[in-house]
Amino acid sequence: MDVNPVAAAGFGRAADAYERSRPSYPAAAVALLAAELGIAPGTTVLDLAAGTGKLTRLLADLGADLVAVEPSEAMRTEFAVVLPTVPVHNGTAEAIPLADAGADAVVVAQAFHWFDAPRALGEIARVLRPGGGLGLIWNERDESVPWVAELSRVMQWDVRMPYVVGTDFRAVLDASGRFTPAQRAQFGFEQQLDRESLCERVSTTSFIAAMEPDEREVVLDAVRALVADFPEPFALPYVTEVFWCHRSGGRKLA
């Protein structure tokens with residue numbers, strides 16, 4: 001299976017820290033996805049590249065039948081601890097181990113930028129029923145806040161970034177020709193942290209987790225210095241980006 005080597009190495013090393021330190025998602029964003037994708041009792045929802053189930057657990061209360069696909073063995077292990085009743089399969093977005101037209105909705109949290117988009121969108125369309133919905137969600141650091149912009153610089157995001165913060169993925173979705181015109185919404189969100197939990201949060205960034213220990217510690221020391229004078233706890237602000245569309249050729253689910 002094709003998995004980006006930085007993602008594979010980084011997330012494989014940092015699965016337990018990812019589960020502890022990554023934020024959840026704002027309730028309003030999850031409610032929007034549920035409404036737009038028709039997630040409800042009796043529907044089948046695939047969480048693709050599910051990680052440790054940060055989004056999956058928020059969907060569990062909606063009564064849908066959930067299934068997850070995740071390529072990292074370490075992430076699958078963490079997922080199974082948190083959500084033991086949800087089946088999680090080894091697989092990638094480019095080779096989804098599910099039958100044709102078996103899902104009413106597919107969601108992707110914090111991962112679509114790692115996909116080979118044309119191949120992945122073809123696979124997603126294959127496993128979706130006609131009219132089924134696709135939803136993407138990211139928590140992105142709010143770089144309009146000066147210290148957060150400096151945090152991104154300290155993290156070397158501008159040099160090593162897997163994607164540009166604020167990317168409008170509607171164009172990527174629309175280019176596949178397999179879905180209705182994509183829509184976008186944004187939500188404000190905050191995560192309460194102290195200096196060490198911020199360092200752990202930063203350490204779960206794929207390219208930082210993949211660094212050698214000495215190189216990673218240089219980055220984390222710079223993060224500590226950036227927030228050395230902050231009263232604890234402090235808020236790390238995010239902009240939560242949500243995109244959604246539906247597989248062409250069918251009626252949107254109610």
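Hello everyone. This is a predicted model, where local features need pLDDT of at least 70, side-chain atom pairs count only at pLDDT 80 or more, and totals for chains, interfaces and linings use all residues. Residues are numbered from 1 along each chain as its sequence is written, and side-chain values use heavy atoms, with hydrogens and water left out.

Let's start with the whole chain. You'll see twelve helices and seven strands, taken as DSSP runs (H or I, at least four residues, for helices; E, at least two, for strands) and numbered from the N terminus. The radius of gyration is 18 Å, close to the 18 Å from the globule rule for 254 residues, so the chain is as compact as a globular protein of that length. That radius is taken over C-alpha atoms, and the rule is 2.2 Å times the number of residues to the power 0.38. Of the 254 residues, 51% are buried, meaning under 20% relative accessible area with a 1.4 Å probe, protein chains only.

Now, please zoom in on H113. Where does H113 lie? Look in the loop between β4 (103-109) and α6 (117-127). H113 is buried, at 16% relative accessible area. Its side chain has a polar contact of 2.9 Å with the side chain of W138, and another, of 3.2 Å, with the side chain of W114.

Notes
Buried < 20%, exposed > 50% of the residue type's maximum accessible area, 1.4 Å probe, protein only. Polar contact = N/O pair within 3.5 Å; in protein donor to acceptor, adjacent residues only side chain to side chain.
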